[in-house]
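Thanks for sending this one over. Here are my notes, in the order I would go through them with the structure open beside you.

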Amino acid sequence: MINYQGIMLNIKGNDYFVSYNRLPWMKDASIRRVLNMQMSGANAIEWPDMDVDLEINCLKHPERYPLVMKRNEFDVM
């Protein structure tokens, strides 16, 4: 499911709703690019068209993985 708030992912039989606040790079992506998702090893998923990789644990426990975006090479993480 994809709607104006986010996307629903079904991974290994578990459903995860992820808002665009957590995955901002998905908000303006085409449906084709969002649906082109695949497993990357046993514990990660990837969107090869967008060069995005996520560990499944960050979907299970988002509070453990704060979203941090580096804007340029001079930003300190």
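1. Two strands count as paired if DSSP finds at least two bridges between them. Keep in mind that this is a predicted model. With that in hand, look at β3 and strand β4 (residues 44–47): 2 bridges join them, and the two run antiparallel. Within this pairing, Met39 stands opposite Ile45 in β4.

2. Where does β5 come in? The order β3-β4-β5 describes an open sheet of 3 strands with antiparallel pairing. Its edge strands are β3 (38–39) and β5 (52–55), each of which pairs on one side only.

3. Stepping back to the whole chain, the protein has 2 helices and 5 strands.

4. How much of the protein is buried? Of its 77 residues, 27% count as buried. The accessible surface comes to about 5,700 Å², and carbon and sulfur atoms account for 50% of that.

5. On contacts, take those between residues at least 6 apart in sequence: 33% of them join residues at least 24 apart.

6. Together with Met1 and Met8, Phe17 makes a nonpolar surface patch of about 290 Å².

Methods
Residues are numbered from 1 along each chain as its sequence is written. This is a predicted model: local features need pLDDT of at least 70, side-chain atom pairs count only at pLDDT 80 or more; totals for chains, interfaces and linings use all residues. Side-chain values use heavy atoms; hydrogens and water are left out. Helices (H or I, at least four residues) and strands (E, at least two) are DSSP runs, numbered from the N terminus. Buried means under 20% relative accessible area, exposed over 50%, partly exposed in between (1.4 Å probe, protein chains only). Contact means heavy atoms within 4.5 Å. Accessible areas come from the Shrake-Rupley method with a 1.4 Å probe; for residues, only the protein chains shown count as cover. Patches are made of residues with over 30% relative accessible area and no salt bridge: like charges are joined within 9 Å, nonpolar side chains (Val, Leu, Ile, Met, Phe, Trp, Tyr) within 5 Å. A salt bridge is a side-chain nitrogen of Lys or Arg within 4 Å of a carboxyl oxygen of Asp or Glu.
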